[in-house]
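The sequence and structure are shown first.

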Amino acid sequence: MFYKSTRNSALQVDSATAILQGISTDGGLFVPAELPSLTMDEIKLLAEKSYVERAAYVFAKFLTDFTEAELRYCTENAYNTKSFEHEDIAEISHLFDGTYMLELWHGPTCAFKDMALQILPYLMTTAAKKKQLDQKIVILVATSGDTGKAALDGFKDVPGTSILVFYPEEGVSPMQKRQMRTQAGDNVGVCALKGNFDDCQNGVKAIFTNSEVKEQLAANGMQFSSANSINWGRLLPQIVYYISAYATLAADGEIAYGDKINIVVPTGNFGNILAAYYAKRMGLPVNRLICASNINKVLTDFINTGVYNRNREFFATCSPSMDILISSNLERLLYLLTGEDDAQIREWFTALSSEGTYTVSDSVKQALQAEFYGGYCDDAQTKTTIAEIFEEYSYTCDTHTAVAVKVYRDYRKATGDTTKTVIASTASPYKFSASVLEALEGQPSALDEYAMVDRLAEMTNLPVPEALASLQGKPERFTDSIDRTDMKSYVLKTLGI
């Protein structure tokens, strides 16, 4: 299988190259030249397998230049009880009325990004060996909170790599910030940016496509790659857990093989819900994809109007990983919905860069609305939902998952749709202890971060992940903070160039 650029369909590379480059040289994103199919017989087969085996099976459909042994090596090293709390890797909790929480946060950094970023280093280093690459891989990451720590943990001390993460100084939770600033590893770096996530993301993309910077790296035996979901190697593992969830529900008798399900995803950058859409396009029986946003509702507005407009007030919320106004992975979806019209994609995303807005055609808007429902809620509604779910079901949601629950309830009330539904639960509540505790107690807490963790554990009986508990008392290694205009020089300085 080959991969094309969303901005130049004539450009084709193999999967190893797509994973190593991260982003196309023309600024586009790599997409499969064709989507493989997944039959119900295959899903029945997967239902009898472990998560490792399911992942290797799905990867083999997309990474056809990797051998079976290479894929087994990658999946067995990434998905095991040394890194994840349970052998199932992704746990499923039954919440209410045919609604299931797909808990994607039982990995080493307690967020759904672990599902992809524990395996990406293995995919990337395997790809480098296949290509006989003798350059150091420099991974630049923009994070709204969870990607940064998951990428740092995945790539720490991986030979032949170096990783540098940028995060918005005031745009992550205290626990997310502490996770990154205390990161171990000789090949890691972390820096705060005076700005928001979009500033981080735009800065990283600009550096990626800067020919002068790339030449400087090449002269020093280095090349860039990405651990953000612009990298196909980050997005592909996310397809796996939706397929796996369906197989598990069917095997457990919660649904019959062939039954359609709804999937609800809290998202800002659109990668997590795009993975569910890819699974549907492959053949997974999915009825409706429900896109949940916080008050930074650029995606909700786009789905409902066909107009994408980032020229709006930016809000710092209690669900900071969704505080995003430029949703990178939307480009991949629109490439599919336009029939792979790369010229149209170039036009729209050039307009987004220069003017901050674009409007899709009526046919694309209709295709979008046929697949997706968009909804949003504000911080007050998020916290109310956390309290309601805990009171009704003794289940503790983090702030992002609560957004998804609230939007799903709104969808169900508006449509009357009682299709069984999987909600992507994206982070441990302990990563956002202040907001979750405030939701449960009805007022802000005056306790410090770890006292809040202890109080939350006392109230909910939810075990505190060791990965978070162990941060207490760790010295902070990375405290730099820069303006967004200084990102390029900071990267070069950090790399010793």
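## Nonpolar cores

The largest nonpolar core holds 111 residues, and Leu63, Ile239, Tyr242, Leu334 and Tyr358 have the most contacts inside it. A nonpolar core is here a set of buried Ala, Val, Leu, Ile, Met, Phe, Trp, Tyr and Cys residues joined through side-chain atoms within 4.5 Å; buried means under 20% relative accessible area, exposed over 50%, and partly exposed in between (1.4 Å probe, protein chains only). Helix α11 (residues 232–251) gives the most to this core, with 13 residues. Apart from this core lies another, of 34 residues, with Phe96, Ala292, Leu440 and Leu471 among them.

Beyond its neighbours within four places in sequence, Tyr358 has contacts (heavy atoms within 4.5 Å) with residues including Phe302, Tyr308, Leu334 and Trp348.

## Basis of the model

The model is predicted: local features need pLDDT of at least 70, side-chain atom pairs count only at pLDDT 80 or more, and totals for chains, interfaces and linings use all residues. Residues are numbered from 1 along each chain as its sequence is written, and side-chain values use heavy atoms, with hydrogens and water left out.

Eight of the eight residues of strand β7 (residues 161–168) are buried, so the strand is largely enclosed by the rest of the structure. Thr161, Ile163, Val165 and Tyr167 point one way from β7, while Ser162, Leu164, Phe166 and Pro168 point the other way. Helices (H or I, at least four residues) and strands (E, at least two) are DSSP runs, numbered from the N terminus.

β7 pairs in the parallel sense with β6 (residues 136–142) over six bridges, and Leu140 stands opposite Leu164. With β8 (residues 188–194), β7 also pairs in the parallel sense over six bridges; here Ile163 stands opposite Val188. Pairing requires at least two DSSP bridges between two strands.

## Ser321

Ser321 is found in the loop between β12 (307–309) and α14 (330–337). Its relative accessibility is 12%, so Ser321 counts as buried. Leaving aside neighbours within four places in sequence, Ser321 is in contact with Ser144, Gly145, Asp146, Gln176 and His400.

## The chain as a whole

The protein chain comprises 22 helices and 16 strands, and 62% of its 497 residues count as buried. Along its principal axes, the C-alpha trace spans about 60 × 50 × 45 Å. Of the contacts with a separation of 6 or more, 74% are accounted for by residues 24 or more positions apart.
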